[in-house]
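Here are a few exercises to work through with the model open in your viewer. Try each one yourself before reading the solution.

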Amino acid sequence: MADAQCACGALRPAVSEPPLLTALCHCLACQRRTGAPFSANSFYAIDCVEICGTSTEFIRTADSGRKVHMYFCPTCGSTVYWKADGAPSWIGVGVGAFADPAYAPPAMSVFEQSKHAWVQLDDTVKHFEGLPDRRDWGDVKPSLSSLATASLPRLLGRCPQDFQSHGRGEEPRDAFALWLAAPVSERS
Ligand SMILES: [Zn+2]
Ligand SMILES: [Zn+2]
């Protein structure tokens, strides 16, 4: 399996399993983070990714108050991976860091409310104006099976655990939103 790396090659996340999910995000924070009109984000089980090389951490606080940790190469500045306190068993890696045109295609496209009009995506992705709602999660899951069949049981096994860790009174949507918000940071 191809590893990801930053532009200069010093920071390299090595992955041992396929991604659990690939998603596009059109939010303004991702636009600023990437310098591109939207971000392409892959999500892995955290124990399937080994980080090689030195990174600099940039922590941002999401609206929930939880932290999102961004890791970039101190030499070339590429943002390569990120973690969210709200979803501790997940790690996000930039799709572009794999430099693989055959990489697993996105299952969803979020924050289309700030999508550049010329960006046209067909219905092979689920479209969301903002973040997916709790009920939408059920719609998204089937599309995962075609992307990462081997990892789907892991995904389904992990999500409830993450959700449960958030405590009483907090909707699963919030956990999912946090997880999805990982590359995005501030959502105010
Ligand atoms: Zn670098
Ligand atoms: Zn975003």
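**Exercise 1.** Work out how E7 and E8 pair, and what joins them.

*Solution.* Start with the direction: in this predicted model, E7 and E8 run antiparallel and are joined by two bridges. Next, pick out a partner: Tyr81 is bridged to Val93 in E8.

**Exercise 2.** Now turn to the pairing of E7 with E6, and describe the turn that links the two.

*Solution.* Begin with the bridges: there are five between E6 and E7, and the pairing is antiparallel. One facing pair is Val68 and Ala84, the latter in E7. Then look at the turn: this hairpin has six residues between its strands, and Gly77 there shows a positive phi of about 85 degrees.

**Exercise 3.** Is E7 mostly covered or mostly open?

*Solution.* Count the residues that have 20 or more other C-beta atoms within 10 Å of their own C-beta. Six of the six residues of E7 pass as buried, so the strand is mostly covered by this cut-off.

**Exercise 4.** Place the strands in their sheet and find its edges.

*Solution.* Write down the order: E5-E6-E7-E8-E3-E2-E9-E10, an open sheet of eight strands with mixed pairing. The ends of that list are strand E5 (56-61) and strand E10 (126-127), edge strands that each pair on one side only. For a parallel pair, take E2 and E9, which share three bridges; Ala23 has Met108 in E9 as its bridge partner.

**Exercise 5.** Which residues have the most contacts inside the largest nonpolar core, and which elements supply it?

*Solution.* The core holds 38 residues, and Ala23, Cys25, Val80, Val93 and Val110 have the most contacts inside it. Then sort by element: helix H1 (28-34) supplies at least two core residues, and so do several strands, including E2 (21-25), E3 (39-45) and E7 (79-84).

**Exercise 6.** Decide where to read the model with care, using its pLDDT.

*Solution.* Take the chain average first: it is 77, with 68% of the residues scoring at least 70. Where pLDDT is low, the predicted coordinates should not be read in detail.

Technical notes. Residues are numbered from 1 along each chain as its sequence is written. Chains are lettered from A and ligands numbered from 1 in the order in which they are written. This is a predicted model: local features need pLDDT of at least 70, side-chain atom pairs count only at pLDDT 80 or more; totals for chains, interfaces and linings use all residues. pLDDT is the predictor's confidence in each residue, from 0 to 100. A nonpolar core is a set of buried Ala, Val, Leu, Ile, Met, Phe, Trp, Tyr and Cys residues joined through C-beta atoms within 7 Å. A residue is buried if 20 or more other C-beta atoms lie within 10 Å of its own, exposed if 12 or fewer, and partly exposed in between; C-beta atoms are placed from the backbone. Helices (H or I, at least four residues) and strands (E, at least two) are DSSP runs, numbered from the N terminus. Two strands pair if DSSP finds at least two bridges between them.
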